[in-house]
Every structure is written in structure tokens, then in C-alpha cells.
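Visitor: I have a chain open in my viewer, and I would like to talk it through. Could you walk me around?

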Amino acid sequence: MARKPRDVRVLHGHRVISGSELRATFVVQDDTADNPVRLRRRILHGVVLVMLVGLLAAAIVVALAIMNGQIKLPAAERSKAAVSVCPAATYDYTPPDKVSVNVYNSTSRPGLARSVADQLVARKFLVGAVGNTTSSYRGVALVVSGAAGQSAAFSVQRNLPGSDYVQDGRTDPSVDVIITGDFKELAKPELVDQTPGQLSCPREDRRIVDDTTLPILPTATPAAG
């Protein structure tokens with residue numbers, strides 16, 4: 001009796017799975033076309049990916065254009081306009097016999113403070129301290145007072161044409177006159193303008209090139225001027 005041919009798909013009583021059968025078992029069925037949710041997700045992912053790539057490319061192009069000078073970004077410029085610290089009020093001319101003034105000489109001309117003080121006394125100003133000091137200010141003279149002495153400082157300035165007003169922190173109405181290098185003389189008594197007006201602060205016109213905000217004011221008993 002002839003022997004039955006051996007089945008090669010059976011080994012020790014177990015069926016052997018072929019490669020083709022194994023591949024057919026693990027093939028993932030692409031049902032995207034039949035699944036609208038998956039289709040929308042794929043479309044959305046594709047759109048987002050394209051946008052990201054586009055943004056990246058645009059950023060590179062802009063960066064290269066800026067580096068090459070083809071695109072110039074606006075830069076904030078520092079304002080050169082000086083902030084005004086000059087009082088804007090209008091003052092009446094205070095009678096000289098109601099104005100207390102100290103006179104200081106910051107120049108190298110000896111006796112200048114005493115000479116100016118004597119002229120102010122002749123005009124009825126109440127002169128207090130007279131002496132020498134130092135100042136970095138470049139101009140005719142500085143007229144210095146606190147807020148309470150601004151009207152008195154206005155009267156002093158009318159006798160010192162070209163002088164520059166500076167406010168300090170004093171609380172009394174006294175006024176300091178600091179004579180500086182460009183000083184020549186007081187205004188003629190008969191030519192002093194006694195009409196109402198404002199304090200003069202020409203120093204503000206030079207503030208861009210002169211960063212000093214205040215003169216060096218006298219802090220000790222002045223020497224003889």
C-alpha cells in the first residue's frame with residue numbers, strides 16, 4: 001500500500017503559517033476614504049504643516065532683508081527738546097526796598113561782588129552777604145531763589161539784563177546773584193523795565209550742550225568780594 005504524501009504545512013502536528021498568510025494577517029486596511037473624521041484630520045495636519053513652513057520661510061527672507069539693509073526698522077530717537085523748568089507765571093516788579101539780595105563773584109576779577117552790591121544798594125535793594133564763590137555756569141549772571149522769592153528775583157533780573165534764573169530749594173524770599181564771566185554792567189537805573197513780565201531762563205537754550213543743572217552755590221561764609 002502506497003504511503004500518503006507528507007503535508008509540508010504540518011510540523012509535529014502543528015500547522016505552519018506561510019509568509020503570505022502572515023503578511024495578509026497584519027496588513028492595515030486604509031479606510032481613510034471611508035472615514036470622514038480621519039480625512040479631515042489629515043487635511044488639517046497638512047494645512048498646518050504648510051503654514052508653518054511658509055512662516056519659517058518668510059521669517060528667513062525678512063531676516064536676510066534686514067541684514068542686507070533692504071528693510072530698515074524705525075528706531076526711537078531721543079528727544080532733544082529740553083523739559084522746561086522756567087516758571088511760566090507773570091510777576092509784578094517788586095520795589096527794590098522789599099528785596100533781600102546776596103551778591104557773589106565767581107569771576108577772577110577782584111572786588112566785582114562789592115562793586116555790584118554797592119550799585120544795588122544805591123538802587124534801594126537790601127544787600128546781605130557779599131563774597132566770592134565758584135560756578136560752572138557760562139553766561140552773564142545767575143539769579144537764584146526759592147519759589148517764595150520768584151517775584152523778587154524778577155525785579156533783580158530786570159537790573160541784570162542777560163542773566164539766567166535758577167530755582168533752588170530755599171523757603172525764604174531771598175535772592176542770590178552769582179556774577180559770571182560775561183558780566184559787564186547793570187542796566188542803567190533809568191532804563192530798568194518795571195512792567196510785569198516773566199523770569200528769563202536762557203540757560204534752557206544751551207541745556208543740550210551744557211548738562212550742568214545747577215550752579216555750584218555758596219555753602220560757607222563768603223570771603224570778602
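Guide: Happy to; we will go from the overall fold to single residues.

This is a predicted model, in which local features need pLDDT of at least 70, side-chain atom pairs count only at pLDDT 80 or more, and totals for chains, interfaces and linings use all residues. Residues are numbered from 1 along each chain as its sequence is written, and side-chain values use heavy atoms, with hydrogens and water left out.

Visitor: In what order do the elements of the protein chain run from the N terminus on?

Guide: Helices (H or I, at least four residues) and strands (E, at least two) are taken as DSSP runs, numbered from the N terminus. The chain has 4 helices and 7 strands. Read from the N terminus on, the order is β-β-α-α-β-α-β-β-α-β-β.

Visitor: Leaving aside neighbours within four places in sequence, which residues is Val 116 in contact with?

Guide: Contact means heavy atoms within 4.5 Å. In the protein chain, among contacts between residues at least 6 apart in sequence, 76% join residues at least 24 apart. For Val 116, with neighbours within four places set aside, the partners are Val 103, Ile 179, Phe 183 and Leu 186.

Visitor: Which strands do the buried residues of α4 pack against?

Guide: Helix α4 is mostly covered, with 9 of its 10 residues buried. Among them are Phe 154, Val 156 and Arg 158. The strands that these buried residues pack against are β5, β6 (164–167) and β7.

Visitor: How far apart in sequence are the parts that Asp 193 and Arg 158 tie together?

Guide: A salt bridge is a side-chain nitrogen of Lys or Arg within 4 Å of a carboxyl oxygen of Asp or Glu. Asp 193 and Arg 158 form one, with their closest N and O atoms 3.3 Å apart. Asp 193 lies in the segment after β7 and Arg 158 in helix α4 (residues 150–159), so the parts they tie together are separated in sequence by 35 residues.

Visitor: Is Asp 176 buried or exposed?

Guide: Asp 176 forms a salt bridge with Arg 170, their closest N and O atoms being 2.9 Å apart. Asp 168, Arg 170 and Asp 176 are linked in a network of salt bridges. Arg 170 has 18% relative accessibility and counts as buried. At a relative accessible area of 7%, Asp 176 is buried.

Visitor: Which residues does Gly 197 touch, not counting those up to four places away in sequence?

Guide: Gly 197 lies in the segment after β7 (175–179), and its 12% relative accessibility makes it buried. From Gly 197 to Arg 158, the C-alpha to C-alpha distance is 9.6 Å, although they are 39 residues apart in sequence. Beyond four places in sequence, Gly 197 touches Ala 89, Thr 90, Tyr 91, Phe 154 and Arg 158.

Visitor: What is the phi of Lys 124?

Guide: Most residues other than glycine have a negative phi. Lys 124 is in the loop between α3 (112–122) and β4 (126–132), and is exposed, with a relative accessible area of 56%. Although Lys 124 is not a glycine, its phi is positive, at about 80°.

Methods:
Buried < 20%, exposed > 50% of the residue type's maximum accessible area, 1.4 Å probe, protein only.
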